[in-house]
Amino acid sequence: MPQASSISLTDPKSTSNIDIDDVTHFLLELDALKRVNRRSYVTQTTRKENSAEHSWHLAMACWSIAELFALNVNHENLLKMALVHDLGEIDAGDTFLYADTRNDAHIEERACIARLQRERGNGINDLSEVWEAQETGSSKESQLLRVVDRLLPFLLNLNTNGTTWIELGVTRSQVEGAHAFIKDSFPPIHDWLSRNIKYATQQGWLIDA
């Protein structure tokens, strides 16, 4: 099989002041997200997922759902938002959805994003801007992101016999409350969630309260 001819990806003039040590420094800063463990278990395993895995899953799920439902969203913005969504957890750690400290988590996460924005070797000039857009924005992209971000851990819990819910004593009303906004944003997904919240409660995975 003939090999494809190679082409130069860089312009010597534009790369003369870039230190690859700086580039790899930033890449390792991003790698730290793999060390942040979440509460949800990976299906067909006994281990918990990490935040980097969740970010990948979130990006792929948003992309697929946007295509499948022919949603009028900007795919580039959507995927960028999904990829940066949990970056703040590098410094702040993961905060459980039903934790009392949930409302304050954004403070440390925002500080982390500001730090990453300043790190040497970062080539993403609008990193903070994209993170803010997904965190506080009201665009269609940010709305879809929030829906899918709630859907995925629910899906993992449902397919690991409610292990996390059981371990942490999560109630039906907590789950219903956390997903209530999806009724307006994405009714088909909310209907599916409602049916499966009932099922999880019947199975004893959620406390019926």
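What follows is a short chat about a predicted model of a protein chain.

Reader: What secondary structure does the protein chain have?
Author: It comes to twelve helices and two strands. Along the sequence the pattern runs α-α-β-β-α-α-α-α-α-α-α-α-α-α.

Reader: And what box do the C-alpha atoms fill?
Author: Roughly 65 × 40 × 40 Å, taken along the principal axes.

Reader: How much of the chain is buried?
Author: Buried residues are 39% of the 209 residues. The accessible surface comes to about 12400 Å², and 52% of that belongs to carbon and sulfur atoms.

Reader: Switching to rings. How many aromatic pairs are there?
Author: The structure holds five aromatic pairs. One of them is Phe-69 with Phe-186, edge-to-face, at 4.9 Å centre to centre and 85 degrees between the planes.

Reader: Which parts does that pair tie together?
Author: Phe-69 sits in the loop between α3 (51–68) and α4 (75–84), and Phe-186 in the loop between α11 (182–185) and α12 (187–202), so the pair ties together parts 117 residues apart in sequence.

Reader: Is Phe-186 buried or exposed?
Author: Phe-186 counts as buried, at 8% relative accessibility. Phe-69 is partly exposed, at 39%.

Reader: What about Tyr-199 and Trp-205?
Author: They also form an edge-to-face pair, 5.7 Å centre to centre with 85 degrees between the planes. Trp-205 is buried at 11% relative accessibility, while Tyr-199 is partly exposed at 36%.

Reader: Which residues do ring pairs link into a cluster?
Author: Phe-154, Trp-165 and Trp-192.

Reader: Last one, charges. How many positive and negative side chains?
Author: There are 20 positive and 30 negative, and the centres of the two sets lie 4 Å apart.

Note on methods. Residues are numbered from 1 along each chain as its sequence is written. This is a predicted model: local features need pLDDT of at least 70, side-chain atom pairs count only at pLDDT 80 or more; totals for chains, interfaces and linings use all residues. Side-chain values use heavy atoms; hydrogens and water are left out. Helices (H or I, at least four residues) and strands (E, at least two) are DSSP runs, numbered from the N terminus. Buried means under 20% relative accessible area, exposed over 50%, partly exposed in between (1.4 Å probe, protein chains only). Accessible areas come from the Shrake-Rupley method with a 1.4 Å probe; for residues, only the protein chains shown count as cover. Lys and Arg count as positive and Asp and Glu as negative; His and the chain ends are not counted. The place of a charge is taken as NZ of Lys, CZ of Arg, CG of Asp or CD of Glu. Rings of Phe, Tyr and Trp (its six-membered ring) pair if their centres lie within 6.5 Å; planes under 30 degrees apart count as stacked, over 60 as edge-to-face and the rest as tilted.
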